[in-house]
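Reader: I have a structure open that I have not seen before. Can we go through it piece by piece?

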Amino acid sequence: MCGITASIALPRGRLDSQPAVAKQTPPAHNSAQTNDSTFSAGPIEKQLRSSIDILNHRGPDEAGVWISQDSSIALGHCRLSINDLSPSGSQPLVSDDGSIHAVVNGEIYDQDRLWEECREQHGYQFRGESDSELVVALYKIHGAPHFFKYLRGEFAFVLYDRREGKRRVIAARDRFGIKPLVWTMSNDRLLIASEAKAFLPLGWKAEWDVDAIVSGGWMLDDRTLFKGVHKVLPGHWLQVTEEKGIEDQVYWDAEYEDKTKVETRPLEEMVEGVRERLVDSIRLRLRADVPVGIYLSGGIDSSAVAGIVTHLAKTEHVKIGDRAPTTPVTCFSVRFPEESGYDESSIAERTAKWLGVETIKVDVNEARLASDFSDTVWHCEHHHFDLNTVAKFALSTLPRDHGVKVVLTGEGADEHFAGYPYFPAEFLCEPDLALPDTTLSSDNELREAMRQTTDAEMRAIWRNIGANQYDGRLDHPSLSDANARGMAESILAWHPTQGLFAPWVQSKFQDLDCRATLITSHPASVRAKMRGRWHPLHTALYMWNKSCLANVLLSCLGDRTEMAHSVEARTPFLDHHLAEYVNRLPPSLKLSYNPAETATPKQGEKQGPLWKTAGSGLHSLTEKWILREAVRPFITDELYRRRKHPFLAPTKWPKGGPLHRMFETLLTRQAVEGLGFVNWAAVEHALQKGFGDHADPKAFRTLSYVAAWVTLGEKFAVGQSKVNGSA
């Protein structure tokens with residue numbers, strides 16, 4: 001896991017065909033040995049090293065650059081040593097014949113098999129034992145896009161092929177967007193990096209992309225908060241050539257079964273199919289030359305990971321990173337104030353005790369949230385509706401403090417197994433024709449009644465926690481499918497309303513409906529599948545995974561807050577072999593109608609913020625049913641029966657407390673109006689209503705949005721004079 005940056009001359013430059021000199025140097029504030037040369041590429045080298053230094057948190061162990069002789073191609077890398085801790089694992093990488101150069105961030109799994117295949121079948125000569133080197137080897141052997149099918153894991157990389165007739169640059173990102181990769185143009189050069197802040201020393205000047213902020217484009221498509229800065233989308237790769245410039249291409253996308261195809265596989269076979277693939281995914285992700293831990297919450301997902309890790313160590317004697325199988329894995333958990341109603345640490349502790357593993361907790365109180373807010377925003381580079389991202393930032397201090405560089409997490413389970421409370425309404429829109437004999441498939445009256453009840457309950461939940469709602473009808477040719485409109489409203493529930501923005505913004509975007517932004521972010525071919533081929537539940541899962549998962553959860557609750565502390569997180573549920581299998585399962589195995597078996601809280605158990613009365617529409621369905629069955633041997637009965645509780649932070653805090661004081665300090669009239677696109681009156685109102693015994697959660701979320709923008713504006717020195725009515 002690392003940080004990468006690249007600067008590529010376009011279009012007047014050329015893709016140099018001559019070899020160049022690579023240099024490895026320690027990053028700032030690091031005592032690693034220097035392996036330098038007398039080569040100097042002038043200003044571009046100085047800029048590149050400054051860019052890498054900004055990303056030092058992603059890779060504090062070593063840094064290196066490679067620059068072509070004419071400076072048209074410059075690659076930079078800072079290393080977090082995980083596999084092959086020796087100098088042979090250093091980057092930038094070069095192929096065995098010296099013709100291909102690359103910087104790689106992430107992990108490629110199943111490396112033993114791939115190494116053997118490359119060596120024995122193709123004669124490739126590896127420099128060391130780093131899994132990153134497989135990217136170069138597989139590309140050289142198979143070419144693009146064919147080599148992508150061999151890449152299993154989370155990754156982002158930039159690769160330069162200088163071979164005659166093939167000269168090109170490739171920038172690619174993993175299938176789900178676990179690892180970040182952004183790009184922009186500045187001074188006729190294409191800049192690519194793990195984080196936008198790395199562009200600052202390369203001549204880039206930050207400007208707000210007001211359109212992307214107001215329309216939600218920053219979380220729905222390839223845009224970011226900054227004008228001209230784009231994400232390489234999950235499953236995409238950029239190809240840069242002299243002939244065609246920059247081309248955006250797709251190498252992978254999620255696919256779901258035709259909703260009319262009847263399922264014929266035995267139930268036991270499908271449960272076992274999930275179990276086998278999940279266990280295999282976790283086994284592969286335990287491979288490391290450093291200690292591996294687990295982020296453990298009170299939910300089934302991370303608990304299943306911990307249970308399977310323990311099982312593999314005990315029964316198959318699988319090493320946990322560099323630790324012996326007999327060494328108990330270390331788990332890390334968040335502890336919110338008990339009175340908040342959001343604390344799950346006691347459940348995590350019971351799970352750890354049952355598994356016989358150690359759990360270490362970080363207390364996240366109001367003072368901790370206030371003190372970590374600014375740093376969290378700097379690393380995430382976008383706003384968020386909840387302070388759970390600050391809690392994740394605090395949690396990620398624990399592994400490194402205890403000598404652990406790698407953690408396994410439960411992200412991705414809800415996205416594939418329909419774990420969130422907004423999926424049931426989509427599931428109930430149509431019968432599941434894959435299993436036509438199930439109750440809800442054969443009883444349309446019951447299913448429709450449940451759909452209406454579930455939809456009403458979900459809207460009530462949104463109101464209770466301060467989320468936005470879309471009540472108006474939307475007439476748009478891309479939204480002929482009402483089911484897609486419904487999911488769009490759930491995804492956009494956390495998006496700021498027009499009233500937060502300055503009058504000129506409201507005037508300019510008065511006809512904007514963000515639901516259209518979301519739907520049209522998908523290709524026409526995908527929208528056709530949404531309308532006719534996929535079950536509405538699968539349409540909803542696809543929409544969520546392409547927006548909130550990739551652009552929010554895997555960012556501010558994933559890589560950005562973890563790598564802020566040089567911690568590599570691995571996500572077994574986002575293994576594409578597992579995902580492709582689960583995507584082909586019937587919807588009724590993800591959400592199962594079991595009214596007589598509906599889980600209810602035990603006497604004395606605290607109810608989470610999204611708990612509704614048992615027996616209601618939402619609670620007549622068991623979410624993630626097939627996952628529960630698949631992992632039942634590895635978890636407690638309490639977890640098997642427990643319903644989903646999203647990882648959220650409390651939103652009600654006292655007046656005059658640390659958070660209130662922090663927001664008042666940040667959100668002065670001068671700072672807010674200096675943004676250029678925010679309505680000061682709305683912020684002033686939120687400051688009055690967002691705290692105290694009768695605090696409005698919507699007001700609190702408004703403050704969170706704007707405080708993040710103010711923080712980023714200051715840290716990125718956003719050109720405020722360029723943000724005006726003509727932006």
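Reader: Let me start with one residue. Is Asn187 buried or exposed?

Author: This is a predicted model, and in it Asn187 counts as exposed because its relative accessibility is 63%. Asn187 is in the loop between β9 (182-186) and β10 (189-193). Asn187 has a positive phi of about 55°, although it is not a glycine.

Reader: What about Lys624, which also has a positive phi without being a glycine? Buried or exposed?

Author: Lys624 counts as buried, because its relative accessibility is 2% and the cut-off for buried is under 20%. Its phi is about 55°, and Lys624 lies in the loop between β20 (621-623) and α22 (625-631).

Reader: Let me step back. How many helices and strands are there in the protein?

Author: There are 27 helices and 20 strands. The protein has 727 residues, and 64% of them are buried.

Reader: And the contacts, what part of them links residues 24 or more positions apart?

Author: Counting contacts with a separation of 6 or more, 75% are between residues 24 or more positions apart.

Reader: Now the sheet with β8 in it. What is the strand order?

Author: The order is β5-β6-β7-β8-β12-β13, an open sheet of six strands with antiparallel pairing. Its edge strands are β5 (93-94) and β13 (245-250), each of which pairs on one side only.

Reader: How many residues of β8 are buried?

Author: Six of six, so to speak: β8 (residues 168-173) is mostly covered, with six of its six residues buried. Arg168, Ile170 and Ala172 point one way from β8, while Val169, Ala171 and Arg173 point the other way. Both sets are buried.

Reader: What joins β8 to β7?

Author: Six bridges, with the two strands running antiparallel. Val158 has Ala171 in β8 as its bridge partner. The two strands form a hairpin with six residues between them, and Gly165 in that turn has a positive phi of about 85°.

Reader: And how many bridges join β8 to β12?

Author: Four bridges join β8 to β12, also an antiparallel pair. There, Val169 has Val240 in β12 as its bridge partner.

Reader: Which strand does β12 pair with over six bridges?

Author: That is β13: β12 (residues 236-241) pairs with β13 in the antiparallel sense over six bridges. Gln239 stands opposite Glu247 in β13.

Reader: Which residues of α1 are buried?

Author: Ile44, Glu45, Leu48, Ser51 and Ile52. They cover an arc of only 125° around the axis, which puts them on the same side of α1. Pro43 and Lys46, on the other side of α1, are exposed.

Reader: Why do residues three or four places apart point the same way?

Author: An α-helix has 3.6 residues a turn, so residues three or four places apart point the same way.

Reader: Then α9. Where is its kink centred?

Author: On Phe373, with a kink of about 45°. The end C-alpha atoms of α9 (residues 366-380) are 20 Å apart, which agrees with the 21 Å that its 15 residues should span at 1.5 Å a residue.

Reader: Is Phe373 itself buried or exposed?

Author: Phe373 is buried. Other buried residues in α9 include Leu369, Asp372, Thr376, Trp378 and Cys380.

Reader: What covers the buried residues of α9?

Author: The cover includes α10 (388-395), α20 (536-563), α24 (658-666) and α27 (697-715).

Reader: And what caps the N-terminal end of α9?

Author: Asn365 does: one of its side-chain oxygens lies 3.3 Å from the backbone nitrogen of Ala367. Just after α9, Glu381 takes a positive phi of about 65°.

Reader: Last one. Where is the cis peptide bond with omega of about 5°?

Author: That one joins Gln91 and Pro92. Pro92 is in the loop between β4 (73-79) and β5. The peptide bond from Ala144 to Pro145 is cis as well, with omega near 10°. Pro145 sits in the loop between α3 (133-142) and β7 (153-161).

Notes: Residues numbered from 1 in each chain as written. Predicted model: local features only at pLDDT ≥ 70, side-chain atom pairs only at ≥ 80, totals over all residues. Heavy atoms only, no water. Buried < 20%, exposed > 50% of the residue type's maximum accessible area, 1.4 Å probe, protein only. Arc of directions from axis to C-beta. Expected span 1.5 Å × (residues − 1). Bend = angle between axes of the 7 residues up to and from the residue. Contact = heavy atoms within 4.5 Å. Polar contact = N/O pair within 3.5 Å; in protein donor to acceptor, adjacent residues only side chain to side chain. Pairing = 2+ DSSP bridges.
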